[in-house]
Amino acid sequence: MQKNCYVYETNTVEGEDVNRQGTRINAVMAEIQSRIAARTYLPGARLPSVRAQARAMQVSVSTVVEAYERLAAGGIIASRPGSGFYVEGPVAPLTLTQIGLRLDREIDPLWVSRQSLETDASTLKPGCGWLPAAWLYEAGMRRALRTLARADTFELAEYATPLGHPTLRQLLSRRLANTGIEAGPEQIMLTDSGTQAIDLICRFLLEPGDVVLVDDPCYFNFHALLKAHRVQVVGVPYTSRGPDVEQFAAALREHSPRLYITNSGIHNPTGATLSPVIAHRLLKLADQSDLVIVEDDIFADFETHPAPRLAAFDGLSRVIHIGSFSKTISASLRCGYIATRTHWIENLVDLKIATSFGGGRLAAEMMLIALTDSGYRKHMETLRRRLAEQMVRTIAHLKAIGIEPWTVPQAGLFLWCRLPEGMDAAVIARSCLKDGVVLAPGNAFSQSLSARDFLRFNVAQSTDDRVFSVLKRALSEQGA
């Protein structure tokens, strides 16, 4: 069989050009291998018939036959006479980039994240989603480290309890009450991060193939995380006041989603805030379905005027509230939380033990010390003022080169901006990366890939004038 594989590379099939036929055979093989890698085709699954595959890919039957034979020769699939071809071997290792649409690397959420995380200090990162290290609560963290250095060995070395540090959960309960969310300490579970919180919730509530609603645009790592859970993601257009309610209702009717993941406070990437009217309408729609809402409140401490919280209106009935402290205190010390109904917490604790065991006692101790430190309030007041000033400066710099904000946020890090007409954000990002500037193109955030002409800017990471000179040059080159 292996010998026959090479015959088709040196001769013609049905009179077609050799190179073109070889390309078509490779395309069929790549399609099948991609579906196996994405676990669309599991071991033992029957492949489409050669005629069905030929119709689907608009190639000849003989092309599909040869592709299948080559895959069989490699042990990837097997032929069963009179029955067809079937997937062989164990389940393929999960490859997130093989799931869903193939994306250019500039708009692939995983690639954008890696560029922001892997580059050195000389690279400018207006496209990343966190504060510069010098803007975080360094003084408070150093005081917490000094305090813990004198702590008992138990505090330094032991696992945490399954729910997490009791005193920190009590503090979180009081902090949530300030936003109208009633959650006792027994309704709060600590996690290693906000991302782990969402991952645990997805493990708890979702099965492969379930539908999850997200805002369009939304935080791009939601896309990557949901891929790992093998669910169908549906985007709902996002407005300056929250999701488009009519489109949200239509998605509920058409898809019967299990989850909706959103930011009610400062929205990532748009910087917008949810209006009370939209919040009430969303919850009314959710009450008519089996939908559970995950409310990611990671930017709560950046607000100057608190936005309405779905969890406050809902009473944690069908809303799960999550958060963390990586954006205000330290991204190096990972600590987040989940607040939800009590009997769900019990099941989430089991999942937490199964996937990460006891969690970190040290991180929770440090967060408690930092949050109750008298300097934290002053740190946040200074930080909010500094961000507001930098927001004004960044908008002025961007407008000077023809880039307009979609909305002017009340607070926070982010500006969601539209490029001049005809510009492609992915092309701009590729050009700027060569000059050491990492950008975040709009389609990395858009499930529908409808944000081609948008960029998200982090104003705290846009203090260097080189950001705008490099960006101006890239715009000029694309417009030439």
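The radius of gyration is taken here over C-alpha atoms, and the globule rule is 2.2 Å times the number of residues to the power 0.38. For 480 residues a compact globule would have a radius of gyration near 23 Å, and the protein chain, at 25 Å, agrees with this. The structure is a predicted model, in which local features need pLDDT of at least 70 and side-chain atom pairs count only at pLDDT 80 or more, whereas totals for chains, interfaces and linings use all residues. Residues are numbered from 1 along each chain as its sequence is written, and side-chain values use heavy atoms, with hydrogens and water left out.

Along its principal axes the C-alpha trace spans about 80 × 55 × 50 Å. The protein chain contains 18 helices and 14 strands, assigned as DSSP runs (helices H or I, at least four residues; strands E, at least two) and numbered from the N terminus. Of the 480 residues, 52% are buried, where buried means under 20% relative accessible area, exposed over 50% and partly exposed in between (1.4 Å probe, protein chains only).

Two cis peptide bonds are described next. One joins Asp216 and Pro217, with omega about 10°, and Pro217 is found in the loop between β4 (211–216) and α10 (220–228). Another joins Asn268 and Pro269, with omega about 20°; Pro269 lies in the loop between β7 (259–262) and α12 (276–287).

Gln58, in the loop between α3 (50–57) and α4 (61–73), is not a glycine but has a positive phi of about 55°, and it counts as exposed because its relative accessibility is 71%.
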